[in-house]
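Colleague: Hi, I'm new to this one. Can you walk me through it?

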Amino acid sequence: MGHGRVLCEWLIDFLTSIQRAGCVAVNHRGGVGRLALVSLAVSILAGCSGEYSILDPAGPAARDQFWVWWAMFAVSMVVSVVIFALWIFTFLKKSHPQRTPREERRIALRWILGGGVALPLVSIIALLTFGVPTGKRMLPLPLPDGETAEVIEVIGHQWWWEIRYPGAEGETVVTANHLVMPAGEPVDFHLTSNDVIHAFWIPRLGGKIDMVPARDNYIRLEADYPGIFSGQCAEFCGAQHTTMQLFVEAMERDEYEAWLAARQSPPQQQERHDEAREAFVEHCAGCHRVAGLPHDIQASGPVYRGIEGPDLSDIGSRATLGAGRLAMEEGAIAYWLEHHQLLKPGNRMPAHNHIDTETLQSIGSWLETLTP
């Protein structure tokens with residue numbers, strides 16, 4: 001009881017101090033103006049554009065969410081303004097009417113029913129009116145014209161993305177951390193996780209939706225035009241959650257089909273990298289796959305605690321390494337192989353202290369040539 005009383009007294013003192021500070025700010029000359037300037041600055045600094053801004057939509061789903069957000073923002077601003085106006089009014093009015101306890105209870109009951117019941121009820125109904133149709137349009141329902149949407153599977157790992165294209169003819173195309181999709185048409189994403197709960201989110205295209213182990217979730221997104229977009233895991237999934245980024249590229253349908261076709265053939269191998277390939281098979285092939293290398297040889301690699309690493313068949317064509325940790329440029333892969341635990345601490349790839357630097361650099365140089 002003693003601790004509870006102390007906590008309550010501290011809380012009352014804290015709230016009272018805020019109230020006094022607000023009263024001083026309001027009564028002080030120019031206080032209202034400064035308050036308005038601060039509010040305006042915060043709104044501007046919050047950012048209304050950029051790759052991770054939902055206020056710069058580039059697809060139908062994101063645009064629907066954009067209007068829901070503005071509706072919620074507008075209602076919240078109206079409610080806030082009314083509350084602040086009433087709060088300020090209590091300080092400015094000079095006379096206080098004398099009421100009986102019964103009258104006080106009746107007024108309090110009106111505020112409770114109005115602000116605590118009616119207002120939340122109206123707000124929830126309005127939110128569902130806008131939100132339910134928005135969510136329905138992101139479901140993989142049959143298209144009106146009878147066509148089928150492109151299907152892309154995305155699997156979350158700590159801390160990288162596996163992207164699979166089951167609709168491709170021939171060998172399944174698998175990439176990592178680089179999602180390519182056709183622009184101007186709906187794409188159904190089938191989502192799951194290989195370890196912990198992740199969340200698939202491309203802010204300018206819409207979402208987000210959880211990726212749960214042993215469960216498939218679905219979302220339909222569309223990009224209005226070809227371009228580059230950014231995705232991010234939106235569910236805390238471990239120490240490197242913030243560096244689980246997704247590079248999204250939308251392109252025209254014919255370019256997309258050419259992109260898929262190019263990846264259905266193994267990358268060209270050069271004889272000068274024979275030693276690097278042998279070193280890769282010895283040290284890396286237990287966790288990573290490269291199309292064109294015999295599966296039985298890759299399976300003989302040193303499986304490390306059952307870890308499944310990203311498919312590296314087209315790693316040389318990707319924009320980033322380590323799910324956005326490094327830009328892909330000459331020497332970047334070798335640098336990653338030498339320092340990956342410093343660049344992304346806790347990632348599941350073991351340290352390479354037992355491999356000499358020259359071998360790591362040769363593997364990195366060979367992997368950079370793996371482009372369709």
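Predicted model: local features only at pLDDT ≥ 70, side-chain atom pairs only at ≥ 80, totals over all residues.

Colleague: Okay. How many helices and strands does the protein have?

Modeller: The secondary structure comes to 9 helices and 12 strands.

Colleague: And what share of the residues counts as buried?

Modeller: Of the protein's 372 residues, 36% count as buried.

Colleague: What about contacts between residues at least 6 apart in sequence: what share joins residues at least 24 apart?

Modeller: That share is 61%.

Colleague: Let's do helices. How do H8 and H9 cross?

Modeller: Helix H8 covers residues 332-343 and helix H9 covers 357-368; their axes come within 7 Å and cross at roughly 140 degrees. That angle makes H8 oblique to H9.

Colleague: Is that crossing left-handed or right-handed?

Modeller: The crossing of H8 and H9 is right-handed.

Colleague: Which residues make the contact?

Modeller: From H8 you have Ala332, Ile333, Ala334, Leu337 and Glu338. H9 brings in Thr357, Leu360, Gln361, Ile363, Gly364, Leu367 and Glu368. By class, the residues of this H8 and H9 contact are 7 nonpolar, 3 polar and 2 charged.

Colleague: H6 packs on H9 too, I see. At what angle?

Modeller: Helix H6, residues 274-283, packs with H9 at about 105 degrees, and the axes are 8 Å apart. That makes H6 roughly perpendicular to H9.

Colleague: Who's touching whom there?

Modeller: On the H6 side, Ala276, Arg277, Ala279 and Phe280 take part. On the H9 side, the contact has Thr359, Ser362, Ile363, Trp366 and Leu367. In the contact of H6 with H9, 6 residues are nonpolar, 2 polar and 1 charged.

Colleague: New topic: rings. How many aromatic pairs are there?

Modeller: The count comes to 13 aromatic pairs. One of them is phenylalanine 66 with tryptophan 67.

Colleague: Why is that pair called edge-to-face?

Modeller: The ring centres of phenylalanine 66 and tryptophan 67 are 4.9 Å apart and the planes are at 75 degrees, so the pair is edge-to-face. Planes over 60 degrees apart get that label.

Colleague: Are those two residues buried or exposed?

Modeller: Phenylalanine 66 counts as buried, at 15% relative accessibility. Tryptophan 67 counts as exposed, at 54%.

Colleague: What about tryptophan 70 and phenylalanine 73?

Modeller: The rings of tryptophan 70 and phenylalanine 73 have centres 5.5 Å apart and planes at 85 degrees, so that pair is edge-to-face. Tryptophan 70 and phenylalanine 73 sit 3 residues apart in helix H3 (residues 60-92), so about one helical turn separates them. Tryptophan 70 is partly exposed at 34% relative accessibility, and phenylalanine 73 is partly exposed at 33%.

Colleague: Which residues do ring pairs link into a cluster?

Modeller: Phe66, Trp67, Trp69, Trp70 and Phe73 are linked into one.

Colleague: Last one: where is proline 310?

Modeller: Proline 310 is in the loop between helix H7 (295-299) and strand E11 (320-321). With 16% relative accessibility, proline 310 counts as buried.

Colleague: What does proline 310 contact, leaving aside neighbours within four places in sequence?

Modeller: With those left aside, proline 310 is in contact with Trp160, Ala176, His288 and Arg289. Proline 310 and threonine 175 are 135 residues apart in sequence, and their C-alpha atoms are 7.5 Å apart in space.

Definitions and conventions. Residues numbered from 1 in each chain as written. Heavy atoms only, no water. Axes fitted to C-alpha atoms, helices over the stretch in contact; angles between N-to-C directions. Helix = DSSP H or I, 4+ residues; strand = E, 2+ residues; numbered from the N terminus. Parallel < 35°, antiparallel > 145°, perpendicular 65-115°, else oblique. Left-handed = near helix turned anticlockwise from the far one by under 90°. Contact = heavy atoms within 4.5 Å. Nonpolar A, V, L, I, M, F, W, Y, C, P; charged D, E, K, R; others polar. Phe/Tyr/Trp six-rings, centres within 6.5 Å; stacked < 30°, edge-to-face > 60°. Buried < 20%, exposed > 50% of the residue type's maximum accessible area, 1.4 Å probe, protein only.
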